[in-house]
Amino acid sequence: MSTQLQQHNKREFKGEEEEEEEEEENHLLHSECETIPLSSPHTSPSEWEHGNREEEEEEEEKDTVYAAKDKVQIFDLESASGASVGSTAVPPFSWRKLWLFTGPGLLMSVAFLDPGNLEGDLQAGAIAGYSLLWLLMWSTFMGLVIQLLSARLGVATGRHLAELCREEYSNWARLVLWILAELALIAADIQEVIGSAIALKILSHGILPIWAGVIITAMDCFFFLFLENYGVRKLEGVFAVFIGTMGFSFAWMFFDTNPSEEELLMGLLIPRVNSKTLRQAVEIVGCVITPHNVFLHSALVQSRDIDIRNKGQVQEAINYYSIESSVALLVTLVINLFVITVFARVFYGTEQAKGIGLVNAGQYLQERYGGGLFPILYIWGIGLLAAGQSSTITGTYAGQFITEGFLNLNIKKWLRALITRSCAIVPTMICAIVFNTSEGSLDTMNEWLNVVQAIQIPFALIPLLTLVSKEEVMGTFRIGPIVEVSKLSI
């Protein structure tokens, strides 16, 4: 009798549990139904899921450097995704893959060709002759090493340098690094925008004043950034045109002035510097190794769709980025050599050497070589305009990444661009008005801005070398002991 009563109680208890579970399921179902908008009572599950997916994509666009839909798909990597996550196999070299990875290095290399670089190049050539060519070559090589580390950091972690600084450093250190990065960026941006404004003044026969050129440059920067809406590859193609224009213009000047090949080789191979050329030497280092470019490259490499969990994909991406960055910086080295040797050939040892700069360089060249079918004044102006426009766009990009990364601003890309562009244009306009009193004042300002950027270099390099050598951040892709030793020497 007692056993029958116990069994009866168990059945009642199970029945109560089943009723409670059924009530919970009905409650959950009811709550899910309430989340469907009342304006669409007949929304199907697929439509509801599609709406949620669009909202998630919008949030992803705010939270990441490049939204998933904007990233370049690397065809073979998709087929390789079926391999295990920890796979370390790297496929053989492919020219087609190299083509797909080519792009971020082009945008990065523009910082080696901006108007600040041209100012440093022409000053080095006019005042020091061929004697600082060796410093340009080794500065470019060191710049390549730094940019490869920046790319390695971005590929291996899936985050850029500013984001990692926000996560790894304390509040006060993060704030100091952000302020210094912004100051270095503003210094570079002033050079870039004013360089474009000078080029517009040259090409318009002096009709457009410097301040008007600053406004035009600020506005057309947004036009070029608008091209990104049609795909990042389109924007990269525009940069290839800019670099090609610079290469053609300055190569034309090089062969037109016919510099000494023997002195060029001696300048590359024999290190020479003295007290009279010390400031020009510091300028070359400051304009070749730019702090904001270190932050920029670690973000640009994320425009390719790479699964950071797959070690083989990460290593393959690093390999291809190393190749395209090396080729891009080799091109910039040749272009910078063209500029230095032209001004060394024409102005070294002359009375005009100390007073030459971006503003009057074209006019001085015109006086020496005349007009002809293609006046050298306008060839110089076209090259300067290409340098200014391209570097202004990458400066805006760098400003977005630095601001968003350090401050964790989850806002639309166009709004980030507007904020960062405004922060740079205001001081640029002030400088254009204040320093546009004579030809020499703008050039002097540009020279000292190069020195300012040289002073800022350690504040970008130390965080980069620290993070890229940490196993907690990089995993198996951390750098070796040789590069760590260089960190201690900075």
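This is a predicted model: local features need pLDDT of at least 70, side-chain atom pairs count only at pLDDT 80 or more; totals for chains, interfaces and linings use all residues.
Let's start with a group of rings: F93, W95, F101, Y320 and Y321 are linked by ring pairs into a cluster.

Now step back to the whole protein. It has 21 helices and zero strands. Of its 490 residues, 50% are buried. The accessible surface comes to about 23,400 Å², and carbon and sulfur atoms account for 63% of it. What about contacts along the chain? Among contacts in the protein with a separation of 6 or more, 83% are between residues 24 or more positions apart.

How confident is the predictor in all this? The average pLDDT of the protein is 79, and 78% of the residues score at least 70. Residues 1-17 have a pLDDT below 50, and beyond near neighbours in sequence this stretch makes zero contacts in the model. Residues 77-81 also have a pLDDT below 50, but this stretch has 10 contacts beyond near neighbours in sequence. Please read both stretches with care.

Back to the rings. The count of aromatic pairs comes to 16. One of them joins F254 and F255, in an edge-to-face arrangement with 5.2 Å from centre to centre and 85 degrees between the planes. F255 has a relative accessibility of 61%, over the 50% cut-off, so F255 counts as exposed.

A second pair, F343 and F347, has ring centres 5.7 Å apart and planes at 25 degrees, so this pair is stacked. Stacked pairs are those with planes under 30 degrees apart, which is why 25 degrees qualifies. Where do these two residues sit? Both are in helix α15 (residues 311-347), four residues apart, which means that about one helical turn separates them.

The charged end of R233 sits over the ring of W99, 5.2 Å from the ring centre.

Next, follow helix α11 (residues 232-257), where T245 is found. This helix has 26 residues, and at 1.5 Å a residue they should span 38 Å; the end C-alpha atoms are 38 Å apart, so the expectation and the model agree. As for T245, its relative accessibility is 25%, so T245 counts as partly exposed. Which residues does T245 touch, leaving out those up to four places away in sequence? They are I382 and A386. T245 and L384 are 139 residues apart in sequence, yet their C-alpha atoms are 9.7 Å apart in space.

Our last stop is helix α16 (residues 358-369). Its 12 residues should span 16 Å at 1.5 Å a residue, and the end C-alpha atoms are 17 Å apart, which agrees. Which residues of α16 are buried? They are L358, N360, A361, G362, Y364, L365 and Q366.

How values were computed. Residues are numbered from 1 along each chain as its sequence is written. Side-chain values use heavy atoms; hydrogens and water are left out. Rings of Phe, Tyr and Trp (its six-membered ring) pair if their centres lie within 6.5 Å; planes under 30 degrees apart count as stacked, over 60 as edge-to-face and the rest as tilted. Buried means under 20% relative accessible area, exposed over 50%, partly exposed in between (1.4 Å probe, protein chains only). Helices (H or I, at least four residues) and strands (E, at least two) are DSSP runs, numbered from the N terminus. A charge sits over a ring if NZ of Lys or CZ of Arg is within 6 Å of the ring centre and within 35 degrees of the ring normal. Contact means heavy atoms within 4.5 Å. Accessible areas come from the Shrake-Rupley method with a 1.4 Å probe; for residues, only the protein chains shown count as cover. The expected span of a helix is 1.5 Å times one less than its number of residues. pLDDT is the predictor's confidence in each residue, from 0 to 100.
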